[in-house]
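Subject: Structure handover

Hello,

Here is the structure I said I would pass on. My notes on one of its strands follow below.

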Amino acid sequence: MHFFTVGQKDRFPLVLLHGWGLSGEKYRELASILSRHFFVLVPDFPGFGNSEPLKKPWTIEEYVRSVKMFLDAQQIPLCLLVGHS
(Lines give C-alpha, C1' and ligand atoms only; values in the text may rest on other atoms or scores of the structure.)
Protein backbone atom coordinates (compact mmCIF):
# COMPACT_ATOMS: atom_id res chain seq x y z
CA MET A 1 0.00 0.00 0.00
CA HIS A 2 1.18 3.48 -0.81
CA PHE A 3 1.30 5.77 2.21
CA PHE A 4 2.89 8.87 3.64
CA THR A 5 3.88 9.77 7.17
CA VAL A 6 4.15 13.04 9.02
CA GLY A 7 5.71 13.67 12.40
CA GLN A 8 8.22 12.08 14.69
CA LYS A 9 8.32 8.29 14.93
CA ASP A 10 8.71 8.43 18.72
CA ARG A 11 5.16 9.84 19.08
CA PHE A 12 2.07 7.67 19.41
CA PRO A 13 0.89 6.48 15.98
CA LEU A 14 -2.32 7.79 14.45
CA VAL A 15 -3.57 6.19 11.23
CA LEU A 16 -5.98 8.14 9.00
CA LEU A 17 -8.11 6.02 6.64
CA HIS A 18 -9.82 7.73 3.71
CA GLY A 19 -13.36 7.13 2.47
CA TRP A 20 -14.52 5.34 -0.66
CA GLY A 21 -13.42 6.99 -3.89
CA LEU A 22 -10.82 9.20 -2.20
CA SER A 23 -7.16 8.81 -1.28
CA GLY A 24 -4.93 9.61 1.65
CA GLU A 25 -3.95 12.85 -0.07
CA LYS A 26 -7.20 14.38 1.24
CA TYR A 27 -5.66 14.12 4.73
CA ARG A 28 -2.42 15.98 3.89
CA GLU A 29 -3.31 19.22 5.75
CA LEU A 30 -4.98 17.45 8.69
CA ALA A 31 -2.02 15.07 9.04
CA SER A 32 0.31 18.04 9.24
CA ILE A 33 -1.73 19.59 12.05
CA LEU A 34 -2.05 16.30 13.96
CA SER A 35 1.67 15.61 13.62
CA ARG A 36 2.26 18.12 16.40
CA HIS A 37 1.01 15.43 18.78
CA PHE A 38 1.20 12.12 16.86
CA PHE A 39 3.20 10.15 14.35
CA VAL A 40 0.64 10.21 11.54
CA LEU A 41 0.42 7.48 8.90
CA VAL A 42 -1.89 7.89 5.93
CA PRO A 43 -2.28 4.89 3.59
CA ASP A 44 -4.15 4.69 0.30
CA PHE A 45 -6.53 1.73 0.31
CA PRO A 46 -5.93 -0.83 -2.45
CA GLY A 47 -7.21 0.54 -5.74
CA PHE A 48 -7.21 4.16 -4.58
CA GLY A 49 -4.62 6.91 -4.79
CA ASN A 50 -1.25 5.36 -5.58
CA SER A 51 -2.00 1.86 -4.26
CA GLU A 52 -2.38 -1.11 -6.56
CA PRO A 53 -5.87 -2.66 -6.71
CA LEU A 54 -6.67 -5.97 -5.07
CA LYS A 55 -6.28 -8.93 -7.42
CA LYS A 56 -9.78 -10.22 -6.61
CA PRO A 57 -13.12 -8.56 -5.97
CA TRP A 58 -12.89 -6.60 -2.76
CA THR A 59 -14.81 -7.26 0.41
CA ILE A 60 -14.78 -5.38 3.70
CA GLU A 61 -12.78 -8.28 5.10
CA GLU A 62 -10.11 -7.79 2.40
CA TYR A 63 -9.79 -4.12 3.27
CA VAL A 64 -9.54 -4.94 6.98
CA ARG A 65 -6.81 -7.46 6.13
CA SER A 66 -4.98 -4.83 4.09
CA VAL A 67 -5.01 -2.42 7.06
CA LYS A 68 -3.77 -5.19 9.38
CA MET A 69 -0.98 -6.08 6.94
CA PHE A 70 -0.05 -2.38 6.65
CA LEU A 71 0.14 -1.99 10.43
CA ASP A 72 2.17 -5.19 10.77
CA ALA A 73 4.59 -4.07 8.03
CA GLN A 74 5.09 -0.75 9.83
CA GLN A 75 5.54 -2.60 13.15
CA ILE A 76 2.62 -0.80 14.77
CA PRO A 77 0.94 -3.04 17.35
CA LEU A 78 -1.21 -0.25 18.84
CA CYS A 79 -2.48 3.01 17.33
CA LEU A 80 -5.35 5.41 17.09
CA LEU A 81 -7.34 4.65 13.97
CA VAL A 82 -9.50 7.34 12.35
CA GLY A 83 -11.68 6.65 9.34
CA HIS A 84 -13.98 8.70 7.17
CA SER A 85 -16.53 7.67 4.60
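Two strands pair if DSSP finds at least two bridges between them. Helices (H or I, at least four residues) and strands (E, at least two) are DSSP runs, numbered from the N terminus.

This is a predicted model, in which local features need pLDDT of at least 70, side-chain atom pairs count only at pLDDT 80 or more, and totals for chains, interfaces and linings use all residues. Residues are numbered from 1 along each chain as its sequence is written, and side-chain values use heavy atoms, with hydrogens and water left out.

Strand E3 covers residues 39-43. Strand E1 (residues 3-6) pairs with E3 in the antiparallel sense over four bridges; there, Val 6 has Val 40 as its bridge partner. Strand E2 (residues 13-17) pairs with E3 in the parallel sense, over three bridges, and Pro 13 stands opposite Phe 39.

In a regular strand the side chains alternate between the two faces of the sheet. On one side of E3 are Phe 39, Leu 41 and Pro 43, on the other Val 40 and Val 42, and all are buried (under 20% relative accessible area, with a 1.4 Å probe and protein chains only).

A nonpolar core is a set of buried Ala, Val, Leu, Ile, Met, Phe, Trp, Tyr and Cys residues joined through side-chain atoms within 4.5 Å. The largest one has eleven residues, including Phe 39 and Leu 41. E2, E3 and helix H2 (60-73) each supply at least two residues of this core, and H2 gives the most, four. Apart from it lies another core of eight residues, among them Val 6 and Val 42.

Regards

Terms used: Buried < 20%, exposed > 50% of the residue type's maximum accessible area, 1.4 Å probe, protein only.
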